[in-house]
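Work through the exercises below with the sequence and the model at hand. Each task is followed by a solution in steps.

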Amino acid sequence: MIPPDTKYVEVGDADVAYQVLGEGPSDLLFFNGLGSNVETAWEDPGTVDFLRRLATLRRLILLDRRGTGASDGVPRNAIPTWEEWTEDIESVLNAVGSERVSILASVDAGPIAILYAVAHPERVDSLVLFNTSARYLIAEDYPIGFTPEALDFVVDFLRKHWGTPEFLLLAGGAEQDPVRLSALARLFRSSVTPRTAAAQYDYLLRNLDVRPVLPLLRLPTLVLSADNKSFLPMTHGRFLAEHIEGSKFVALPGNDMLIFGQRDLIFDEVAEFLTGTRPVTDIDRVLVSVLFTDIIGSTERASSLGDQRWRSLLDRHDQIVREQLRIFRGREVNTTGDGFVASFDGPARAIRCGRAIIDATSSLGIELRIGLHTGECEVRGDDLGGLAVHIAARIGSLASPNEVLVSGTVKDLVVGSGLEFNDRGEHVLKGVPGSWKLYAVCS
C-alpha cells in the first residue's frame with residue numbers, strides 16, 4: 001500500500017516526525033521504541049501488514065520520538081529525560097487534533113507512555129504495553145532487576161551488534177525468515193546508529209523507575225510480555241500488571257522482543273482489548289508454487305551507484321519483474337526491498353517466469369538468484385504463510401547467480417513439461433526438517 005505522508009511538528013528546537021493512517025471516531029497511537037522509523041517501516045511487508053490492520057481498528061498515529069528514525073537526532077551527551085519525551089506525544093496529538101487516544105507502546109517507549117497517561121488521564125482512554133518494564137536495574141525492593149554488570153553487557157552488545165542479524169537473533173528473531181531478518185535489520189539501522197542506541201539504552205535504563213506512578217494509572221491496561229532472558233524476562237511484565245489496578249496480563253509464547261515478530265497474535269490481543277471482540281481470521285490452505293527473487297550484491301551495488309542511480313535501477317527491475325508476472329499469470333505477494341515473493345497455481349509457469357525474469361533483467365547489468373518450491377500455504381488476505389514459503393526462501397538463498405533453483409517436489413510435478421534440470425545434490429535448509437534434493441533449471 002502507499003505509505004502515508006510524513007509530517008513534522010516542532011518540539012523545542014527539534015522536529016518530530018509522525019504519520020496518520022485511516023479514519024475513525026477514536027485514535028490509536030502506536031509508539032515504538034528504538035528501532036522505529038516511520039519512513040523505512042513501509043519497506044517491510046510484514047510491518048506494513050501489521051500497521052494496515054491496526055488502522056482498521058481506529059485512526060492510527062505513528063511517531064518517531066526525538067533521537068530516533070525520521071525525527072531530529074539528539075546528542076549522545078544530551079539525551080532527553082523520560083518526562084521530556086512525553087512532550088513528543090503531546091505535540092503530535094495536538095498536531096493531528098486527537099482528543100482521546102489509546103496508546104500501544106513497546107519496549108523502551110513503554111515508560112514514556114506510562115508517564116504520559118498518568119499526566120493526561122483526560123486524554124488517554126487505554127494503554128497497551130508490549131515487552132516493557134517499570135524499572136530495569138536490580139534494587140533492594142526490586143530483586144527481579146538486572147545487575148549493573150548485566151546492563152553493561154547489554155549496552156556493549158548493542159554497540160557492537162545493533163542492526164545486525166546477531167542482534168535480531170538475540171532479540172528473539174531466530175524463527176524469522178532470512179528475508180524478514182534482513183528487512184528488520186535495515187529498519188533498526190535506519191532508526192539510530194549503534195553508538196546512539198547503546199548510549200540511549202545506557203542512560204535510560206540506568207535512570208528508569210516509573211514504579212511510583214503505577215498506582216496512579218486509572219485506565220484499562222493490557223500488558224503483553226514474552227520471556228527474553230537476555231534483554232527482558234517476563235517477570236518485568238508481570239510486575240507491571242500486578243501494580244496497575246485492573247490490568248490484564250498476557251504471556252506471549254517464545255522470547256521475541258520485536259513487536260513485528262508476533263504480529264498476528266499481538267494484533268488479535270490488541271483488537272480484542274480495544275473492541276471487545278477477537279477478530280476471526282479467515283485462513284485458507286491452498287497448494288501453490290512460491291517463487292523468491294533476489295538481486296545478488298544489492299548492497300554493494302547500491303553503494304557504488306549512489307542512491308539516485310540505484311533507485312532508478314531498482315525501479316526498472318521492479319517494472320520488468322511485474323511485467324513477467326503478468327505474462328505468466330503469477331501473483332505478487334510482496335516485495336523484499338530488492339526482490340519479490342510471488343505465487344503461481346502451476347509450477348511449470350513459475351519456472352518459465354523465473355527464467356524470463358533473469359533473461360529480461362540481464363540488460364540492467366544485475367544478477368538474480370531465484371528459488372522455487374511447491375507446497376501447501378496458509379492464505380491470510382493477500383499474504384501467504386506456512387513452511388512452504390520458508391522453504392522457497394531458503395532454496396533461493398542457495399541459488400547461484402542467474403539460476404532458478406527448485407525443490408525436488410517442483411521437479412517431480414513438471415515431468416513431461418519439457419523442462420530440464422541439473423542435479424544440485426542434497427541440502428539441509430536452515431529451520432526445515434530433513435534434507436532436500438535441489439535442482440537447477442537448465443537455461
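**Exercise 1: a charged patch**

Glu-10 has its place in strand 1 (residues 7–11); helices (H or I, at least four residues) and strands (E, at least two) are DSSP runs, numbered from the N terminus. This is a predicted model, in which local features need pLDDT of at least 70, side-chain atom pairs count only at pLDDT 80 or more, and totals for chains, interfaces and linings use all residues. Residues are numbered from 1 along each chain as its sequence is written, and side-chain values use heavy atoms, with hydrogens and water left out.

Task: Is Glu-10 buried or exposed, and which residues gather with Glu-10 in a patch of negative charge?

Solution. 
- Step 1. Take the classes: buried is under 20% relative accessible area, exposed is over 50%, and partly exposed is in between (1.4 Å probe, protein chains only).
- Step 2. Glu-10 counts as exposed because its relative accessibility is 64%.
- Step 3. Patch members have over 30% relative accessible area and no salt bridge, and like charges are joined within 9 Å.
- Step 4. On the surface, Asp-13, Asp-15 and Asp-72 gather with Glu-10 in the negative patch.

**Exercise 2: salt bridges**

Task: How many salt bridges does the structure hold, and where in the chain are the partners Arg-218 and Glu-245?

Solution. 
- Step 1. A salt bridge needs a side-chain nitrogen of Lys or Arg within 4 Å of a carboxyl oxygen of Asp or Glu.
- Step 2. The structure holds 27 salt bridges.
- Step 3. One of them joins the side chains of Arg-218 and Glu-245 (3.7 Å, N to O).
- Step 4. Arg-218 is in the loop between helix 7 (194–207) and strand 7 (221–225), and Glu-245 is in the loop between helix 8 (234–243) and strand 8 (248–251), so the pair links distant parts of the chain, 27 residues apart.
- Step 5. Arg-218 is exposed, with a relative accessible area of 62%, and Glu-245 is exposed at 58% relative accessibility.

Conventions
Patch = residues over 30% accessible without salt bridge, like charges linked within 9 Å, V, L, I, M, F, W, Y side chains within 5 Å. Areas by Shrake-Rupley, 256 points an atom, 1.4 Å probe, with all protein chains shown as cover. Lys, Arg positive; Asp, Glu negative; His and termini not counted. Charge placed at Lys NZ, Arg CZ, Asp CG, Glu CD.
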